[in-house]
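Let's take a walk through a protein model together, from its overall layout down to a few individual residues.

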Amino acid sequence: MRTVQIAVTGMSCGGCEERLEAALSRVEGVRSVSADHQGGSVRVLFDPLRVDETELSGQIVACGFEASGTAEGT
Ligand SMILES: [Cu+2]
């Protein structure tokens with residue numbers, strides 16, 4: 001399992017957080033998701049053998065937000 005923090009632009013309220021969390025949770029290999037619209041980021045715990053950051057970023061963009069970078073989480 002691996003955790004990343006992805007910078008997300010465009011979330012403006014708790015509804016955005018929920019929408020993004022729901023979308024990422026549906027991705028195969030994602031274990032848990034926590035979005036923060038105030039901090040402008042989402043933290044994702046996932047199985048690196050089944051999904052990667054590129055796919056996660058693609059999902060974020062598909063939700064209408066912008067994914068602008070990832071950092072290794074703890
Ligand atoms: Cu919103």
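The tour below starts with the overall layout, moves on to the sheet and the helices, and ends with some single residues.

First, some housekeeping. This is a predicted model, in which local features need pLDDT of at least 70 and side-chain atom pairs count only at pLDDT 80 or more, while totals for chains, interfaces and linings use all residues. Residues are numbered from 1 along each chain as its sequence is written.

The secondary structure comes to two helices and four strands, where helices (H or I, at least four residues) and strands (E, at least two) are DSSP runs numbered from the N terminus. Read from the N terminus, the elements follow the pattern β-α-β-β-α-β. The radius of gyration is 11 Å, close to the 11 Å given by the globule rule for 74 residues, so the protein is as compact as a globular protein of that length. Here the radius is taken over C-alpha atoms, and the globule rule is 2.2 Å times the number of residues to the power 0.38. The C-alpha trace spans about 30 × 20 × 15 Å along its principal axes.

Two further totals describe the chain as a whole. Buried residues make up 23% of the 74 residues; a residue is buried if 20 or more other C-beta atoms lie within 10 Å of its own, exposed if 12 or fewer, and partly exposed in between, with C-beta atoms placed from the backbone. Among contacts with a separation of 6 or more, 63% join residues 24 or more positions apart. Two residues are in contact if their C-beta atoms, placed from the backbone, lie within 7 Å.

Strand 1 (residues 2-9) is joined to strand 3 by six bridges, in antiparallel fashion. Strand 1 also pairs with strand 4 (residues 66-72), again antiparallel, over five bridges. I6 shows both pairings: it stands opposite V42 in strand 3 and opposite T70 in strand 4. Another pair to look for is T9, which stands opposite E66 in strand 4.

Which residues of helix 2 (residues 53-62) are buried? They are L56, Q59 and I60. These three cover an arc of only 100° around the axis, which puts them on the same side of helix 2; the arc is that of the directions from the helix axis to the C-beta atoms. On the other side of helix 2, T54 and A62 are exposed. After helix 2 comes G64, whose phi is positive, near 100°.

Leaving aside neighbours within four places in sequence, Q59 is in contact with A23, L24 and V27.

The largest nonpolar core has 15 residues, of which I6, V8, L20, L24, V42, V44 and I60 touch the most other members. Such a core is a set of buried Ala, Val, Leu, Ile, Met, Phe, Trp, Tyr and Cys residues joined through C-beta atoms within 7 Å. Strand 1, helix 1, strand 2, strand 3 and helix 2 each supply at least two residues of this core. Apart from neighbours within four places in sequence, V44 is in contact with T3, V4, I6, L24, V30, V33 and L56.

Our last stop is H37, in the loop between strand 2 (30-36) and strand 3 (41-46). H37 is partly exposed, with 19 other C-beta atoms within 10 Å. Its C-alpha atom is separated by 5.1 Å from that of M11, 26 residues apart along the chain. Not counting residues up to four places away in sequence, H37 touches M11, S12, C13, G14, C16 and E17.

Terms used:
Two strands pair if DSSP finds at least two bridges between them.
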